[in-house]
Amino acid sequence: MDQLRHEEQDKSIREARRIAICVGKDRNRGLGALRWAIEKEFIPKEGHVYLLHVLPQVRFVPNPMGGQLPVDSVSPETLKRFKEERLAKTMKRFDEYIKLCKRHKITFKLFYPENDSIPKKLVNLISEHTITDMLLEKSPQTILSRIVKGESISSHVCENAPGFCKIVVIRNGKLYSTNDSRGSDNGTSFSPKNGINSVSMASNIGNADPGDDNTDESEFTTAHGIEISSQYSFSDSSSIDGLSSCSSFQGIGKYEGELKSVLLQGLQEPIVSSSPLLQCIETSSALKFEQPKSPLKEVKVSKCRGGESARNSFQKDAEMIETATEKSGNAVLCETEVAPYVLSELFQKEFEEMNDAQSAFKDQEMLRDKLDKEIHEHIATKKELKATRRTLEGFVRMAELAENQCQKEKRNCEQLRSELREHLKDQQTLRDKLEKEMSQHIATKKELETTRREAESAENRYRTEKSKCEQLRWELEQHIKELEREQQLRKTAEEKVLGDSVSAASATSKDDKMWWHYSFKEIQTATENFHERNKLGQGRYGQVYKGVLRHTSVAVKVLAEDRIRDRQEFQKKLEIVSRLHHPNLVLFLGACPDKGCLIYEYIANGNLEERLYCEGVTAPMPWFIRFRICLDVARALSFLHTCPQPIVYQELKLRNVLLDHGLISKITDIHMAELIPMTSSSGAHKITESLFTRELAYIDPDYQRAGTVTCEADVYSLGILILQLLTKRPPLGIAFCMEEALESGQLDRVLDKSAGEWPLEEATSVAQLGLKCMEPRRKDRAKLKDDVLPVLESVQKYSASLYGRQTDSRH
Ligand SMILES: Nc1ncnc2c1ncn2[C@@H]1O[C@H](COP(=O)(O)OP(=O)(O)OP(=O)(O)O)[C@@H](O)[C@H]1O
């Protein structure tokens, strides 16, 4: 009942036909099946067909070097690319099929699933898509295909296809086999519209189109097994049974017994072997290969022949057959006598085929050797590939380990990098800070260096000044004693002069000389006959020489002849001058009136102008010395002005103030002074001497207006001298310059810097005093006793408080 139900189901399935053409690996393998199906109208007009092509699973991917790489060792992109290329090739396979279908207006559907087992997949497809008719095309029959034959795709599909599916195998463009025996057993068969409907696909196969040639018969013959069996199947009674319906083999059936006996006679002895073929020939019941269960099922040659050994034995068999054939020649002939002509022809044909097979076999053997060699090489390559794969896997593992390590190292590096960044940041901050501190330090160092240099310079200056001061102090102390002694003497003389000035005036007339009379010869000897090296200077009135007279250093002034016009007057002046003794007046010692030679004490430190301008590389005079000189000169003038017969010096200027060892100043050229007549009530005296013989800058401006000279003229000159000592400037314009400085409060700007740090207050007082002395109008000028001396003495006290008694010449 079940079987009946199944049959019913299959029948219903088959009514809705689904035809599939298997497209082989070889491009046209299957195209023949399609052509055959179209030609035989197996596919109805404007019908539909499935085109199936099973692709193997992708296990390896070829690399550019010609090798192959395992699919899991290539990148997904490479795999994808490979699959795309393969698909394109697959599509090309379908080109001819599609064209053919289109030409015959057959619709189609393409299937190209992947599977390593093509036959299994085809069987699956039948079930999955309920395919009722599947057409396969076998490769053309060759000797190799006859000999080396495993289970073919078609045989597998035939065996395993579901009952509802008809498997049609085409070979060489002709029907090769079908599984229709099952269908026929069940009474199932399809009915093609043309020609082929007369072909019974199973047991009715023997009723094939009588017009078909022997090839068709051969197809059905080989349908029982393999090519070899087609040639020798007549020895198998069951096969023959299966083929007995084949008209073309009816004749063969008739003579099977004879043929068998002939063959057996020839092969009797040498064919006693384990060769499957010979066994096959020897006896039908003793056939080593598997007898097909169904006459339409293919015999699995690979099973019956046992692979390689079977092929080897087959070669032996062929040779033995050849021998047997030769041996059995008589027997055949004998049989020929017995058998009709047909048997002889058939036998001959068989032998020819055997010879062909033998030569083909040899070719195939060579090919096989070649193939074996290639197989060995392939195996070796495979082994190498395996080894390479293992190595690669090892490498991959190592790479993975290395990658892990790298990742780890990378993380460590990242951490280190961030730490380093932080560290660098700190370093940068620290560096900036250090650079800042460094720049500050350098600046401080520079300042310190400058300060140190200034301190050293100040210290040097201090030491220099100190040594100078000590020198000056020593010199002063040396002279103080002498001065004190001289002072005592002069004091006495002054008292005498002051007390008896009138008598002194008259004394000149009485030739009561107060000075020594030196002979010219004596003076010549003293001055080495006025040698140039003894010359101290040249004035307007004559030359001055240094000499030693009576163990005393003297200055000999030789007056020009024209300077002594009135000898009597000159003598009178000498008498007066010789009586004037003051610490700040150069002492007049004597004269040689005949020769116009005046003898003065020698003053060692030259004149004030030389010292002020540091001629002869002398040190600049300090400010306190300058203050003292002002006082000395003022005292000397005061002394002259307060004489019983006042004396206007008139010649006050820097060059006429000499400086001794202790820088005590003394005014010289007293002999040039004008004696103011006692009768002059105004104290003014008309001077007969030319104004131009005197230095214009020092001349009292009121002299020009009034035409007379007074003691205030000396005050005016003193004013200039004071300002010169303060500023070390020339006399012309000095008053204007000082006025401006005082008015602008910038006295220090005009004060002589070489004198040291002036006490500004005292300097201002002295400067103001100097200007007061220079008032244009006599009556406006400072008074020596009331104005000049108090200021200068006050300043002197200040200096003395700082530098001791040496600043005071009185001591
Ligand atoms: N007593 C002296 N001791 C040392 N040197 C002296 C003495 N008298 C004069 N001299 C030097 O001789 C130089 C000449 O002096 P002198 O009086 O003849 O001319 P002067 O004063 O320079 O100019 P002037 O003739 O205009 O007054 C002075 O500059 C001075 O240096």
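**Exercise 1. Classify Arg17 and Asp133 by accessibility, then place their contact in the chain.**

Arg17 is partly exposed, because its relative accessible area is 34%. The classes are: buried under 20% relative accessible area, exposed over 50%, partly exposed in between (1.4 Å probe, protein chains only). Asp133 has 0% relative accessibility, so Asp133 counts as buried.

This is a predicted model: local features need pLDDT of at least 70, side-chain atom pairs count only at pLDDT 80 or more, and totals for chains, interfaces and linings use all residues. Residues are numbered from 1 along each chain as its sequence is written, and side-chain values use heavy atoms, with hydrogens and water left out.

Next, the contact. The side chains of Arg17 and Asp133 form a salt bridge, 3.1 Å from N to O. The term means a side-chain nitrogen of Lys or Arg within 4 Å of a carboxyl oxygen of Asp or Glu. Arg17 sits in the loop between α1 (2–15) and β1 (19–22), and Asp133 in strand β6 (residues 133–138), so the pair ties together parts 116 residues apart in sequence. Helices (H or I, at least four residues) and strands (E, at least two) are DSSP runs, numbered from the N terminus. The structure holds 29 salt bridges.

**Exercise 2. Explain the spacing of Arg368 and Asp372 in helix α18.**

Their salt bridge has its closest N and O atoms 2.9 Å apart. The two residues are four apart in helix α18, so about one helical turn separates them. Arg368 has 11% relative accessibility and therefore counts as buried.

**Exercise 3. Decide whether Lys383 and Lys557 are buried or exposed.**

Take Lys383. Helix α18 (residues 341–499) contains Lys383. Its relative accessible area is 58%, so Lys383 is exposed. Lys382, Lys383, Lys386 and Arg390 form a positive surface patch. Patch members have over 30% relative accessible area and no salt bridge, and like charges are joined within 9 Å.

Now Lys557. Lys557 is in strand β12 (residues 552–559). Its relative accessible area is 7%, so Lys557 is buried. UniProt lists Lys557 under "binding site" in an unreviewed entry; such annotations may be inferred rather than shown by experiment.

Methods:
Patches are made of residues with over 30% relative accessible area and no salt bridge: like charges are joined within 9 Å, nonpolar side chains (Val, Leu, Ile, Met, Phe, Trp, Tyr) within 5 Å. Accessible areas come from the Shrake-Rupley method with a 1.4 Å probe; for residues, only the protein chains shown count as cover. Lys and Arg count as positive and Asp and Glu as negative; His and the chain ends are not counted. The place of a charge is taken as NZ of Lys, CZ of Arg, CG of Asp or CD of Glu.
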